[in-house]
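Work through the exercises below with the model open. Try each task before reading its solution.

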Amino acid sequence: MAALKIARDGDVLRVTLARPERRNAFDAAFIAELTDAFSDIGDARAVLLAGEGLSFCAGADVEWQRSSIGLSYEDNVADAMRLYRMLETIDACPAPVVCCVHGFALGGGSGLVACADVAVAWPDAVFGFTEVRLGIVPAVISPFVLVKIGSAARRYFVTGERFDAEAALRIGLVSEIADDAGERAEEIVRDILAGGPIAVREAKRLVREPPAGEETARIAATRRTSAEGQDGLRAFLERRSPGWIESS
């Protein structure tokens with residue numbers, strides 16, 4: 001059975017974790033599907049990532065973990081790299097990724113949240129880097145999580161404690177908390193679609209690959225002289241909608 005539901009809704013790609021009976025915990029097949037889903041999003045202008053059932057993603061599937069106990073060191077490296085590539089693919093998605101989080105988001109589930117550009121949590125969301133409770137560490141997700149929560153990892157990585165949405169907001173793992181996180185996520189997607197399609201992708205790249213010096217001026221000039229930039233600037237001065245909104 002497919003672990004995901006993928007649907008194109010106009011300019012939005014909707015990716016839904018669809019293993020509710022397993023609390024959307026991931027295994028090898030899940031990792032492969034999610035990697036494929038984010039490897040080629042086409043011309044989608046935003047991706048909305050959510051989960052079905054009682055939880056967003058409860059981390060690694062118990063049966064998958066059980067099967068990994070007997071793996072060799074080399075097989076463990078290969079297994080871990082598949083998980084890393086999945087997270088890297090989501091993190092590097094050219095279009096903004098908006099994540100809607102409810103229920104449990106533990107271990108790798110919190111890693112998924114860290115890869116989103118915007119994460120909106122329901123008040124009931126529960127997070128945690130619980131790996132040390134199993135005698136392992138959150139090594140694979142750490143490059144993505146550390147960018148989001150920085151020094152807060154010194155506490156949450158070593159205690160393995162679960163924490164609520166308020167704590168996740170305080171340390172920067174999520175962007176905001178909403179009583180209806182689903183609708184709030186939709187509003188944020190609409191905000192993204194109000195921007196120029198190419199400009200939004202380039203703005204995301206600025207964050208992931210910060211420019212310096214003259215390169216900043218060249219990027220600015222390229223966007224200002226582009227067809228999209230010219231249309232956006234003229235639309236503002238002429239008090240009209242730019243072409244990407246008129247055609248959507």
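**Exercise 1.** Is R239 buried or exposed?

Solution. The model is predicted: local features need pLDDT of at least 70, side-chain atom pairs count only at pLDDT 80 or more, and totals for chains, interfaces and linings use all residues. Residues are numbered from 1 along each chain as its sequence is written, and side-chain values use heavy atoms, with hydrogens and water left out.

Step 1: take the cut-offs. Buried means under 20% relative accessible area, exposed over 50%, and partly exposed in between (1.4 Å probe, protein chains only).
Step 2: apply them. R239 has a relative accessible area of 81%, so R239 is exposed.
Step 3: R239 sits in the loop between α11 (227–237) and α12 (243–246). Helices (H or I, at least four residues) and strands (E, at least two) are DSSP runs, numbered from the N terminus.
Step 4: check the backbone. Phi of R239 is positive, about 55°, although R239 is not a glycine.

**Exercise 2.** Classify R23 by its relative accessible area, then locate it.

Solution. Step 1: the value is 34%, so R23 is partly exposed.
Step 1: R23 lies in the loop between β2 (12–17) and α1 (28–39).
Step 2: its phi is near 55°, a positive value in a residue other than glycine.

**Exercise 3.** Which residues does T89 contact, leaving aside neighbours within four places in sequence?

Solution. Step 1: find T89 in helix α3 (residues 73–91).
Step 1: read its accessibility. At 18%, T89 is buried.
Step 2: list the partners. T89 is in contact (heavy atoms within 4.5 Å) with T35, F38 and S39.

**Exercise 4.** Which residues lie closest to the centre of the largest pocket?

Solution. Step 1: define the term. On a 1 Å grid over the protein atoms alone, a pocket is an open set of points where a 1.4 Å probe fits, with protein on both sides within 12 Å along at least five of seven lines; lining residues have an atom within 4 Å of a point.
Step 1: take the volume, the space filled by probe spheres set on the points. For the largest pocket this is about 1,000 Å³.
Step 2: read the lining. Of its 32 residues, A60, Q65, E131, L134 and I136 are the closest to the centre.
Step 3: find the contributors. α2 (62–68), α3 and β5 (104–106) each supply at least two lining residues.
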